[in-house]
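Visitor: I'm new to this one, could you walk me through it?
Guide: Gladly, let's bring it up and begin with the annotations.

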Amino acid sequence: MEFFRIHRTIPFMRHALVLNIISLVTFILAIFFILTRGFHLSIEFTGGTVMEVNYAQTAQLENVRGVVSKLGYTDFQVQNFGTSHDVMIRLPLQEGQTSATQSETVMAALKTADSGVELRRVEFVGPQVGQELLHNGLMALLVVVIGIMVYLGFRFEWKFAVAGVIANLHDVVIILGFFAFFQWEFSLSVLAGVLAVLGYSVNESVVIMDRIRENFRKYRKADVHEVINSAITQTISRTIITHGSTQMMVLAMLFFGGPTLHYFAMALTIGIWFGIYSSVFVAAALAMWMGVKREDLIKPVKKDGEEGEAA
C-alpha cells in the first residue's frame, strides 16, 4: 500500500558517514550517562511497600495520588487492579519506617479524604526480588538479541545479521541513555517497551534488507550504493504509513494513558524514531561498508555443463 511514490532515487548513502559519526557520538554519550548517572529504578527493582485498598465507589486515582504526594512521597505508583474499586499503591522504603508504619500513615490520610476506603492487604517487597526481576529482564534482552542475529543470518547473510544487531543495540542503548540522563523512572513496563522496540526495529531492517536483495536481482548493472538508495526510497511510503500510525497510538498512551503508561510510551516513542533512523542509515550503511554484494544475497545458478564437469 502506498499513499505516494517517489520517482527519483534519494541518495541516502551519500551522507551515511556523517550521520553514522553522529550516531557513534550519541551512542558513546548514552553509554557515558548510563555508567555515570545510572538509572532511577522503580519500586519493582528497589523494593518497597505494596498496599491494596478498596473503595466503596469508583476510585479516583488522581485524588489518591494527590493524597500520597502530600505525605512527601515522590517515587510511588497508584493504579487500578481487578476492578475500578480496587487500587494498588506502591511506596518506596523510607529510613526509620517499616511497612506497617507506612501503611498506617497512608491509610489515615486516605480515610481523611474518603471514609469509604478499606485496607485489604499490605506487603513488603524486598530488593532481592527486584534484583531477580532485573536479572531476568537482562537475560530476556540477551535472548532477543541472539534470536535476531540468528534469524537475520539465516534469512539474509552474516553481514546483514551483524549490521542489523548493531543497529538494534544502537536503539536500545540510546533509549537507556535518555532514561539515565533525564533520570526518568525505569520500571518493568519500560523494560517491556525496550524489548518491543527491538522487535519493531528489526522489522523495519528486514523490510529494507529484503528490498535490497530484490533490487540486486532487478538492477544487475547498478552498484551497491545505487541498490541501497533505491531500496530505501522504495520503502519510504510503507515506513511513513507504518510508523506514523503506530506513533499516533503511542502518543495517545503518552498523553492520555496516565502515569502508569507515561514512561512506557516514552520508551516506544524514542525507539520508533531511532528505529527508523538506524534501519536506514546505520544498518544499511554498515552492511555496505562491510562489503555486501550481489553474490552474498543471490546464489549463482549453475549450468548443466558445470554440474556435469563437477560430477
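Guide: A word before we start: UniProt positions are given in the numbering used here, and annotations may be inferred rather than shown by experiment. What you see is a predicted model.

Visitor: Okay, which residues does the "transmembrane region" annotation cover?
Guide: According to the unreviewed UniProt entry, that annotation covers residues 12-35, 133-154, 161-182, 188-209, 248-266 and 272-292.

Visitor: Switching topic, how many residues are in the largest nonpolar core?
Guide: That core has 56 residues, and Met-13, Leu-152, Ile-212 and Ile-232 have the most contacts inside it. Helices H1, H5, H6, H7, H8, H9 and H10 each supply at least two of its residues, and H10 (259-289) gives the most, with 13 residues.

Visitor: And what lies apart from it?
Guide: Another core, of 19 residues, lies apart from the largest one, and its members include Val-53, Ala-59, Phe-76 and Met-107.

Visitor: Which element has the lowest mean pLDDT?
Guide: That is helix H12, residues 304-310, with a mean of 48, whereas H1 has the highest, at 94. Over residues 307-311 the pLDDT is below 50, and this stretch has 1 contact in the model beyond near neighbours in sequence.

Visitor: What about the chain average?
Guide: The chain averages a pLDDT of 85, and 92% of the residues score at least 70.

Conventions: Residues are numbered from 1 along each chain as its sequence is written. This is a predicted model: local features need pLDDT of at least 70, side-chain atom pairs count only at pLDDT 80 or more; totals for chains, interfaces and linings use all residues. Side-chain values use heavy atoms; hydrogens and water are left out. A nonpolar core is a set of buried Ala, Val, Leu, Ile, Met, Phe, Trp, Tyr and Cys residues joined through side-chain atoms within 4.5 Å. Buried means under 20% relative accessible area, exposed over 50%, partly exposed in between (1.4 Å probe, protein chains only). Helices (H or I, at least four residues) and strands (E, at least two) are DSSP runs, numbered from the N terminus. pLDDT is the predictor's confidence in each residue, from 0 to 100. Contact means heavy atoms within 4.5 Å.
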